[in-house]
Amino acid sequence: LDAALVLAVVVAGLLWRSRFSPLPPAATKYGGDALWALMVFLGFGFLFPRASTLLVALLALTFSWAVEFTQLYHAPWIDALRTTLPGRLVLGSTFNWPDLPAYVFGIALGATVEYRFRRNPLS
């Protein structure tokens, strides 16, 4: 289930950011960032299944913000990596401070849904 959720969020994020999205540019940009951070949250949840929702959210936020802040660092090797599609999808290319609250939103969304699901499981 966890892997399927990660895959679903990746597909949603790619579609969200694609030319097929009818959303305004700001919604496309920051919604895609929120979905990227949600995917990071789900990934950490997959890696640490016994960790609390709060810990997973803090790990995801730390990772997401760290990736954003590494965009302030420019060296030939990392800039070359960022020119590839996987490098651009994982590392981004340029620092943009409004991405930080978008990451908070995506992670908070995931944490809220997980918390509510754990308190009131469907089964």
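**Entry 1: nonpolar patch**

I looked up the nonpolar surface patch first. Val10, Leu14, Leu85, Leu89 and Val90 make a patch of about 420 Å². A patch here takes residues with over 30% relative accessible area and no salt bridge; nonpolar side chains (Val, Leu, Ile, Met, Phe, Trp, Tyr) are joined within 5 Å, and like charges within 9 Å. Areas come from the Shrake-Rupley method with a 1.4 Å probe, and for residues only the protein chains shown count as cover.

Which elements give two or more residues to the nonpolar patch? They are helix 1 (2-17) and helix 5 (85-91). Helix 5 gives the largest share, 3 residues. Helices (H or I, at least four residues) and strands (E, at least two) are DSSP runs, numbered from the N terminus.

I then checked leucine 14. Leucine 14 sits in helix 1. Its relative accessible area is 46%, so leucine 14 is partly exposed. The cut-offs: buried is under 20% relative accessible area, exposed is over 50%, and partly exposed lies in between (1.4 Å probe, protein chains only).

**Entry 2: ground rules**

I noted that this is a predicted model, where local features need pLDDT of at least 70, side-chain atom pairs count only at pLDDT 80 or more, and totals for chains, interfaces and linings use all residues. Residues are numbered from 1 along each chain as its sequence is written, and side-chain values use heavy atoms, with hydrogens and water left out.

**Entry 3: the whole protein**

I counted elements next. The protein has 6 helices and 0 strands. From the N terminus the order is α-α-α-α-α-α. The radius of gyration is 15 Å, close to the 14 Å that the globule rule gives for 123 residues, so the protein is as compact as a globular protein of that length. That radius is taken over C-alpha atoms, and the rule is 2.2 Å times the number of residues to the power 0.38.

The C-alpha trace spans about 50 × 30 × 25 Å along its principal axes. Of the 123 residues, 34% count as buried. The accessible surface comes to about 8100 Å², and 75% of that belongs to carbon and sulfur atoms.

I also looked at contacts (heavy atoms within 4.5 Å). Among contacts between residues at least 6 apart in sequence, 58% join residues at least 24 apart.

**Entry 4: aromatic pairs**

How many aromatic pairs does a search of the whole structure find? It finds 5. Rings of Phe, Tyr and Trp (its six-membered ring) pair if their centres lie within 6.5 Å; planes under 30 degrees apart count as stacked, over 60 as edge-to-face, and the rest as tilted.

I opened the pair of tryptophan 36 and phenylalanine 63. This pair is stacked, at 6.3 Å centre to centre and 20° between the planes. Tryptophan 36 lies in helix 2 (residues 25-47) and phenylalanine 63 in helix 3 (residues 53-70), so the pair ties together parts 27 residues apart in sequence. Tryptophan 36 is buried at 16%. Phenylalanine 63 is partly exposed at 35%.

Phenylalanine 63 also pairs with phenylalanine 44, edge-to-face, at 5.8 Å centre to centre and 70° between the planes. Phenylalanine 44 lies in helix 2 and phenylalanine 63 in helix 3, so this pair ties together parts 19 residues apart in sequence. Phenylalanine 44 is buried, with 16% relative accessibility. Ring pairs link Trp36, Phe44, Phe48, Phe63 and Tyr103 into a cluster.

**Entry 5: salt bridges**

Side chains of opposite charge can pair when their charged atoms come close. I used this rule: a side-chain nitrogen of Lys or Arg within 4 Å of a carboxyl oxygen of Asp or Glu. The count comes to 3 salt bridges.

Aspartate 33 and lysine 29 meet at 2.9 Å, N to O. They are 4 residues apart in helix 2, which means a separation of about one helical turn. Aspartate 33 is buried at 8%. Lysine 29 is partly exposed at 28%.

Lysine 29 also meets aspartate 99, at 2.8 Å, N to O. Aspartate 99 lies in helix 6 (residues 99-119) and lysine 29 in helix 2, so the pair ties together parts 70 residues apart in sequence. Aspartate 99 is buried at 3%.

Arginine 82 and aspartate 79 form a salt bridge at 3.0 Å, N to O. Both lie in helix 4 (residues 76-82), 3 residues apart, about one helical turn. Is arginine 82 buried or exposed? At 5% relative accessibility, arginine 82 counts as buried. Aspartate 79 is partly exposed at 27%. Shared partners join Lys29, Asp33 and Asp99 into one salt-bridge network.
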